[in-house]
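Biologist: I would like to learn how to read a model of this kind, feature by feature, with the general idea given before the particular case. Could we begin once the structure is in view?

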Amino acid sequence: VAVGFGGYLLLNLFVYGDPFAFLQIQSEHWFKSFAWPWVGIGGVVRRLGDPNLENVAVLGLAELATIGLGLVGTVYSLIHFRAAWTVWMAGSWVLFVSTAFVLSVPRYAIAMFPLFAWFAVLAERRWLGIAIGIVSVLLLLWFSGRFALGSWAF
């Protein structure tokens, strides 16, 4: 991990002359800058009041639900999984929500692999496994449809 991060910083140094140039680029194009988690999460909550229902669904509800899922999954990992998994979950979650403009958490959450182990545990109860499958398929259809129609999703 350290070698990969170091390589990324070196690439930035050679291309832009600054190893941390990505911070400025993130800020200019995606309004990303470091902030306390409650600042970013507060922004997501405020999006629930957007008059555009599509923004409420994608930028509000989906983001907020995934933030909550990540937090609950981190607590579950703390109780039931290895410490290294919990550190990964907690570190990932903090990184996702510690920006002034929280965006793309559902996409980033895919890297939170202990969530999938937790879902497997839940799926041992047949009805929960069926529910997880149905919700997953419906979300896949919704996001695939948005993508096919040219709409943005995370």
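Biologist: At 10% relative accessibility, does Arg146 count as buried or exposed?

Modeller: Buried means under 20% relative accessible area, exposed over 50%, and partly exposed in between, with a 1.4 Å probe and protein chains only. Arg146 has a relative accessible area of 10% and therefore counts as buried. Before going further, please keep in mind that this is a predicted model, in which local features need pLDDT of at least 70 and side-chain atom pairs count only at pLDDT 80 or more, while totals for chains, interfaces and linings use all residues. Residues are numbered from 1 along each chain as its sequence is written, and side-chain values use heavy atoms, with hydrogens and water left out.

Biologist: Which residue forms a salt bridge with Arg146?

Modeller: Side chains of opposite charge can pair when their charged atoms come close. The rule applied here asks for a side-chain nitrogen of Lys or Arg within 4 Å of a carboxyl oxygen of Asp or Glu, and by this rule the count comes to one salt bridge. Arg146 pairs with Glu54, and the closest N and O atoms are 2.8 Å apart. The pair links distant parts of the chain, since Arg146 lies in helix α8 (residues 126-148) and Glu54 in helix α4, 92 residues apart. Glu54 has 40% relative accessibility and so counts as partly exposed.

Biologist: How many helices and strands does the secondary structure come to?

Modeller: Helices (H or I, at least four residues) and strands (E, at least two) are DSSP runs, numbered from the N terminus. In this protein there are eight helices and zero strands. The C-alpha trace spans about 55 × 45 × 30 Å along its principal axes, and buried residues make up 31% of the 154 residues.

Biologist: How far apart are the end C-alpha atoms of α1, and what span should its residues give?

Modeller: The expected span of a helix is 1.5 Å times one less than its number of residues. For the 15 residues of α1 this should give 21 Å, and the end C-alpha atoms are 21 Å apart, which agrees. Just after α1, Gly17 takes a positive phi of about 80°.

Biologist: Where is Ser104 found, and is Ser104 buried or exposed?

Modeller: Ser104 is found in the loop between α5 and α6 (105-108), and at 4% relative accessibility Ser104 counts as buried. The phi of Ser104 is near 75°, a positive value in a residue other than glycine.

Biologist: Which residues have the most contacts inside the largest nonpolar core?

Modeller: In soluble globular proteins, nonpolar side chains tend to be buried together. A nonpolar core is taken here as a set of buried Ala, Val, Leu, Ile, Met, Phe, Trp, Tyr and Cys residues joined through side-chain atoms within 4.5 Å. The largest such core has 15 residues, and those with the most contacts inside it are Ile67, Trp93, Val97 and Met112. Two or more residues come from each of α3 (37-47), α4 (53-80), α5 (83-97) and α7 (114-123), with the largest share, four residues, from α5. If contact is taken as heavy atoms within 4.5 Å, then Ile67, leaving aside its neighbours within four places in sequence, is in contact with Ile41, Val44, Trp93, Val97, Val102 and Val105.

Biologist: Which helices do the buried residues of α3 pack against?

Modeller: The buried residues of α3, among them Ile41, Val44 and Arg47, pack against α4 and α5.
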